[in-house]
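Here is a short walk through one protein structure. Look at the model first, then read on.

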Number of protein chains: 2
Amino acid sequence: MPCLTGFSNRFGRRSAPMGEFEIIARYFAPIAAPQALGLRDDAAFIAPPPGEDLVVTKDMLVEAVHFFAEDPPATIGAKALRVNLSDLAAKGAKPLGFLLGLALPSTVTEEWIAGFAQGIASDSQSYGIALLGGDTVRISGPITVSITAFGTVPRGAMVKRNSAKAGDVLYVTGCIGDAAIGLRLRLEPDAPWAKKLSPSSRKWLLDLYLVPWPRNILAEVVQHHAHAAMDVSDGFIGDLSKMMAGANLGADIRLADVPFSPATREAIALAPHLHEIALMGGDDYELLLAIDPKNEAAFLADMHDIGIPVTKIGTAKASANMVFRNEDGAQRIFTQGSFVHF
Amino acid sequence: MPCLTGFSNRFGRRSAPMGEFEIIARYFAPIAAPQALGLRDDAAFIAPPPGEDLVVTKDMLVEAVHFFAEDPPATIGAKALRVNLSDLAAKGAKPLGFLLGLALPSTVTEEWIAGFAQGIASDSQSYGIALLGGDTVRISGPITVSITAFGTVPRGAMVKRNSAKAGDVLYVTGCIGDAAIGLRLRLEPDAPWAKKLSPSSRKWLLDLYLVPWPRNILAEVVQHHAHAAMDVSDGFIGDLSKMMAGANLGADIRLADVPFSPATREAIALAPHLHEIALMGGDDYELLLAIDPKNEAAFLADMHDIGIPVTKIGTAKASANMVFRNEDGAQRIFTQGSFVHF
């Protein structure tokens, strides 16, 4: 549809460094799936495998809110796709395809677009998720990326967030807190703890903030063993609380059981306030899983075969009450955006 | 995922007038489909009807680019949904569901959100398209709406843009140019022609700019009779040229055949330069159809039954050459954003 700048700039394509059609033809059409029709149609079609449901999810990323303007464009592309892939993983869905919405200010360079497309293309291949279509528009504001991702599960098999059962054993994959502390490093590079951090920990944390590693390899494990699942995007404490509250359940969580990487442990040792940032910061893209205790042994055997670490963090309880405990057994109360010791 | 403002505002929900979860729970969850799981999951599932393909499309709208900040929020919501519905109509697809991505600056009021949601809810009902999920994020910039819409067609039956055949008869539904002239009225309210326009024409043009009326009622007609179709969103001349070029075809078009409403004719009579704005301005959301001449009679009979006007504008020709002619038979050359008389 036309821009409000009206007729003479309506196409916005001669004066701009690159027009919508050139961007699409040069950078996105070559990486698109056949059913995207060369991205020269206004729609694409998906022929879902017989007997399968489509799982659909949508995450938007906004410059200066979800990434920094100076981040490498390839990592912005990768992150935009991976946060959506992570949602598919949590639903037990196999990646199928995605639509890419891109709102670009006129100041964006062709080099930026090429880098962004390269990040998208590379992950599209690695994760087996095909570019099906999208929309490119002008914005007088921050770069905004809106991805809609599609996955498939056997009919009725999508794993929900709110379907945990009392007695389920709660697990989390990988480590919590790296990306959140990586973000603090970006925001407070001159903080005393930031300056004392070892170079390898620094790199680890910064890298995991830039690009997450979604757990799509676990889709079948999630599908076979989990009563409920979600990915940790808004913070471990908040997301686990949401998952339990959604099922009218609670849990008793020993905070000492929450898995941290050596880099996050080093950072917390230097600055103890980072402990709560690790727990509440988000951007982890690890999976929270509620496992039927009957399936626990099979689940752990599968996880062992795949080689992704997983940590038991508690048990879902019938009382709708979340209790988090420090190492000394004292309860710690987290509220939205703040916390209180008891 | 967390915002860059970091920990203390991470949830962004206490200080903001309304938080993401409150917005979703109060305004969008009540209008969502059952498979959206109360919008309390990160994904939704679609069980496509057996033997059907899903048609997917995505259109983004940006404040100050695709709509005015002062437009009524209900019409912004309606327009965002309808431009996507129009893409489904052009593909011959029956509306099924949609995902709503909404990037909101912190200055947006609850009243605005309520109005926007009301526009979405009302059209969701009228067009039979269910809200399946979405994402709400903060933006330090313009309101940005990103909708992904899903429709269904019998397997393999999606009508493409680039599949017209030589000899196809070219039709356009409804009238061309109203929204583009409505936009000029918004941009130049004090132009002499704008002041001379009759109140009823003025209202007609402004209304059609604010909210289009997509032709979803024609989905089956498109599916049954059209070799190729697209909706006119970027301008009649440009879109028809794209549709023909995509099939390596051309056409000889008499501009006097392009259908205009009485309001657009009145405006053009007052200011002849509006003729090219009507032809090239876009936002029409009418359908361009390439009809097999064998199907023409059946097509016209179906259109007559439905009661939507349709106008023959030419015939697709094997030579990949678009020729537009004035009433005197002289060729008129349109180039991107400008035009030349011969």
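**Around one helix**

In this predicted model, helix H2 (73-90), helix H4 (178-187) and helix H9 (262-270) of chain A are among what covers the buried residues of H6(A). Cover here rests on contact, meaning heavy atoms within 4.5 Å. Buried means under 20% relative accessible area, exposed over 50%, and partly exposed in between, with a 1.4 Å probe and protein chains only. Helices (H or I, at least four residues) and strands (E, at least two) are DSSP runs, numbered from the N terminus.

The buried residues of H6(A) are Ser201(A), Leu205(A), Leu208(A), Tyr209(A) and Leu210(A). Helix H6 of chain A covers residues 199-210, twelve in number. At 1.5 Å times one less than the number of residues, the helix should span 16 Å, and its end C-alpha atoms are 16 Å apart, which agrees.

Now step back to the chain. Chain A holds eleven helices and 13 strands. Its radius of gyration is 22 Å, close to the 20 Å of the globule rule for 342 residues, so chain A is as compact as a globular protein of that length. That radius is taken over C-alpha atoms, and the rule is 2.2 Å times the number of residues to the power 0.38. Of the 342 residues in chain A, 61% are buried.

Residues are numbered from 1 along each chain as its sequence is written, and chains are lettered from A and ligands numbered from 1 in the order written. Local features need pLDDT of at least 70, side-chain atom pairs count only at pLDDT 80 or more, and totals for chains, interfaces and linings use all residues, while side-chain values use heavy atoms, leaving out hydrogens and water.
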